[in-house]
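Dear colleague,

Please find below the structure that I am handing over to you, with its sequence. My notes on what was found in it follow directly after it.

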Amino acid sequence: MTLPESALALSRPPFRNYQFDSAYDEMFEAPGVPRPHYKPLFQTLLDLPPEELRKSQQAADLSFLHQGITFTVYGNSEGTERVFPNDLLPRIIPHAEWRKIESGLTQRIAALNLFLEDIYHAGKILADGVVPRELVYSCRHFRREMRGLQVPRGIYVSICGTDLVRLPGGSFAVLEDNLRVPSGVSYMLANRKVLKKVFPTLFRDYGVCPVDHYAQALLATLRALAPQNSSGRHEPTVVLLTPGVFNSAYFEHTFLAQQMGIELVEGRDLLVHDNVVYMRTTAGLRRVDVIYRRVDDDYLDPLCFQRDSSLGVPGLFNAYRAGNVGLANAIGTGIADDKAVYAYVPQIIRYYLGEDPVLENVPTYLLSDRSQRDYVLERLDQLVVKAVGESGGYGMLIGPHSTAEQRDDFRRRIQADPRNYIAQPTLSLSRAPCFLEGEAQARHVDLRPYILYGENMTLVPGGLTRVALRRGSLVVNSSQGGGSKDTWVLRA
Amino acid sequence: MTDRENPMLSRVADSLYWMSRYLERAEHTARLIDVDLQLRLDQSPEAGTGRWIGLLAALQVPTPEDGALDAETLTYLLTLDRANPSSIISCVAAARENLRQVREQCSSDMWEQLNRLFLHVKSTASSDAGLPDSYQFFRAVQDGAHLFQGVTDSTMSHGEGWHYIQLGRFVERTDAVARLIGSHFSRFPHALDQAVESEEYLEWVGLLKSCAAFQAYCKAHTAELRPLRVAEFLLLNPGFPHSVRFSVDMVHAALTAIGDLTERKAEQPVRIAGRLRATLSFSQIDEIMASGAMAFVDSIRWQCTQAHAAIHQVYFDYSIESALVA
């Protein structure tokens with residue numbers, strides 16, 4: 001069967017109400033004309049009765065609910081557990097595009113690691129005036145305690161989930177580097193499992209790169225961080241430190257621990273004696289060599305950081321300093337994903353690697369700069385303003401969708417503490433078809449690939465495609481009504 | 001310090017143990033009410049109030065302060081009342097919450113099964129109709145618990161974690177069955193070696209059914225119910241899974257296995273369970289009944305509490321100083 005005429009295709013379900021605008025469309029190069037790598041999916045959707053898809057969606061939703069693939073929403077005591085909405089239509093990325101993303105992210109993470117090593121030691125980049133000194137020292141996530149501390153293999157960021165967006169011209173740009181405790185990888189794996197069930201033939205015919213080895217790669221990365229003095233004793237003991245069952249990503253913590261076959265621990269399971277970390281087991285104490293911590297810097301060690309934290313382990317920082325335990329990620333990486341430092345990443349890449357960045361940045365206005373601030377304050381209704389140290393879609397103003405009150409509020413906040421804010425143009429994220437209300441509808445998406453850096457750098461081909469499920473919305477964060485879909489990176 | 005291959009976190013062991021206790025408690029409560037509601041159909045309404053008092057005592061739920069003893073209020077109190085920590089919904093929720101905290105330790109089938117049971121109970125609680133079909137509901141809770149046990153036994157490694165699950169289930173069962181026998185024998189002081197008849201016959205059937213034991217008893221002793229035989233069957237039968245003896249044997253087996261796995265053999269919990277086991281294997285039913293069922297049952301429950309405390313102290317909450325020396 002040949003592809004129907006474009007106009008005809010768009011008059012049939014499930015595409016009858018599919019909308020186009022200036023945003024880049026992942027599936028169509030022109031209304032009704034699918035891009036070459038989307039043709040088989042397009043054809044499948046035309047041939048498939050919508051009822052079938054609807055049934056699959058229900059089955060998938062139910063299986064997510066039964067498996068308890070949920071996340072927790074803060075600030076809402078009743079019904080805090082929510083299923084993370086999953087969309088059935090895969091997002092497809094051709095091989096060549098992926099290669100570019102891969103080389104761009106490898107370059108970026110390498111440079112950011114060198115940057116972290118530098119600012120916590122000699123500070124050459126600051127002395128050379130490439131990155132302003134006050135920008136680094138005024139960052140809330142800069143940890144003085146880390147000055148001069150030698151981290152295993154010199155790797156600060158071992159696990160990273162960078163947010164990419166596709167601009168209207170079709171190229172990918174980096175929106176945010178998440179260098180602290182990025183989450184979402186479990187949804188990438190869960191989505192894949194569901195899609196293999198829903199579209200087995202299509203999946204096979206497409207030749208999709210597998211992602212199932214992520215857990216194994218993560219474990220290898222973590223093991224690479226084991227202290228040198230532990231190698232002779234036994235296989236390094238790796239644990240995942242979770243803040244506990246009330247954390248929004250708790251499902252992911254249990255999932256990863258199970259997939260890697262390591263212990264999931266809470267702060268109260270660990271103790272430090274004589275600068276060595278132990279966990280409390282039924283057979284007595286057991287030494288811990290590497291901690292994949294999903295707890296923020298602030299809460300890691302009440303003796304060193306926030307005193308009232310009950311999530312952390314008293315004495316952990318000293319054990320780390322003594323080189324008796326490895327941490328992933330290292331403490332103090334938040335400085336490099338500060339949204340104001342972000343603006344300097346292209347210069348950082350050129351400074352350390354002598355290369356041009358493969359992936360572009362989104363234009364960013366630093367509000368600590370007077371002229372840029374004035375420019376932004378006049379255009380609050382057109383720009384996006386973000387607090388530099390926040391993540392997860394919190395602390396953010398989207399100009400075109402804001403009320404005058406919200407803008408006044410942000411204006412006051414910016415004037416009170418300009419260093420704490422940046423502004424960016426309102427990006428028109430690319431759109432991809434999603435199966436909603438029984439038909440295909442266009443929704444804005446981004447892409448979060450996961451990068452692992454241990455003995456070497458590994459990118460699992462794919463990532464989490466996050467979807468802004470509300471019509472017209474540009475916010476893809478799970479905490480703000482976002483969902484996700486599987487990402488298919490094609491083999492060659 | 002331990003170098004054992006797969007050590008288990010104390011917190012995890014604690015959660016598995018409590019998860020299992022809560023689920024056993026939910027199942028026990030469901031069975032008791034199920035049996036009770038059916039017996040009630042054959043009785044005069046006056047007899048009903050006494051039954052409720054007995055039921056509340058057997059479940060250790062305090063009688064409501066306003067003294068309201070109507071069926072609807074009490075059924076709600078015991079099944080869907082979140083304010084009552086022993087209600088079925090509270091127990092199932094607590095079991096699920098405990099398992100949720102150690103999800104990575106169990107098979108995904110186990111988690112799905114328990115989660116499904118929880119969602120079922122929760123949706124019953126949030127529907128306006130309350131308990132539309134109570135028989136179905138109590139059946140579903142018991143089936144859900146049985147399924148979970150089956151899934152557990154066939155999909156989880158029978159290692160240390162599994163033994164904590166066994167331990168929780170049978171510690172809870174020992175205590176619950178012992179309590180049930182005690183309260184029954186004090187309410188119905190029937191001549192021990194005579195067959196019970198008419199009105200009271202139903203009560204004794206009820207006791208056996210509450211332990212899922214009626215059919216098994218009939219197989220062993222025919223449908224003629226003699227209190228002495230009933231007591232012997234429920235206390236001392238070595239092969240019936242809801243007898244006290246069987247439950248204590250399982251507690252002992254689990255503790256021995258855990259002792260071996262953690263290389264802590266001579267510890268207190270195993271000793272206590274061993275002593276309890278010996279008491280039950282060597283006791284004669286007429287001796288027990290001569291000194292009163294209540295006293296015997298109380299002593300069993302007291303030792304059970306001691307075993308629980310010892311387990312807690314040795315495996316879950318030991319002092320760091322003692323562990324560092326070892």
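The domain bounds used in this message come from an automatic or database domain assignment. This is a predicted model, in which local features need pLDDT of at least 70 and side-chain atom pairs count only at pLDDT 80 or more, while totals for chains, interfaces and linings use all residues. Residues are numbered from 1 along each chain as its sequence is written, and chains are lettered from A and ligands numbered from 1 in the order in which they are written.

Domains of chain A

For chain A, the assignment gives domain 1 (98-178 + 214-360) and domain 2 (363-425). The C-alpha centres of these two domains of chain A are 28 Å apart. Ten residues of domain 1 of chain A are in contact with eight residues of domain 2 of chain A, where contact means that the C-beta atoms of two residues, placed from the backbone, lie within 7 Å. On the side of domain 1 of chain A that touches domain 2 of chain A, there are three nonpolar, four polar and three charged residues. In this classification, Ala, Val, Leu, Ile, Met, Phe, Trp, Tyr, Cys and Pro count as nonpolar, Asp, Glu, Lys and Arg as charged, and the others, Gly among them, as polar.

Backbone features of chain A

Helices (H or I, at least four residues) and strands (E, at least two) are DSSP runs, numbered from the N terminus. The peptide bond from A:Ala328 to A:Asn329 is cis, with omega near -15°; A:Asn329 is found in the loop between β15 (326-328) and α13 (339-342) of chain A.

A:Asn275, in the loop between β11 (270-273) and β12 (276-281) of chain A, has a positive phi near 60°. A:Glu437, in the loop between β21 (431-436) and β22 (439-444) of chain A, has a positive phi of about 50°. With 15 other C-beta atoms within 10 Å, A:Asn275 is partly exposed, whereas A:Glu437 is exposed, with 9. A residue is buried if 20 or more other C-beta atoms lie within 10 Å of its own, exposed if 12 or fewer, and partly exposed in between, with C-beta atoms placed from the backbone.

Domains of chain B

Chain B is assigned domain 1 (1-156) and domain 2 (158-326), and the C-alpha centres of these two domains of chain B lie 20 Å apart. Their contact takes 24 residues from domain 1 of chain B and 23 residues from domain 2 of chain B. On the domain 1 side of this contact in chain B, the elements that give two or more residues are α1 and α2 (45-58) of chain B. Of these, α1(B) gives the most, with 16 residues. By class, this side of domain 1 of chain B has twelve nonpolar, six polar and six charged residues.

The contact between the chains

Between the chains, 28 residues of chain B are in contact with 25 residues of chain A. On the chain B side, α1 (10-40), α5 (108-126) and α15 (320-325) of chain B each supply at least two residues. The largest share of that side, five residues, comes from α5(B). The side of chain B that touches chain A comprises eleven nonpolar, six polar and eleven charged residues.

Yours sincerely
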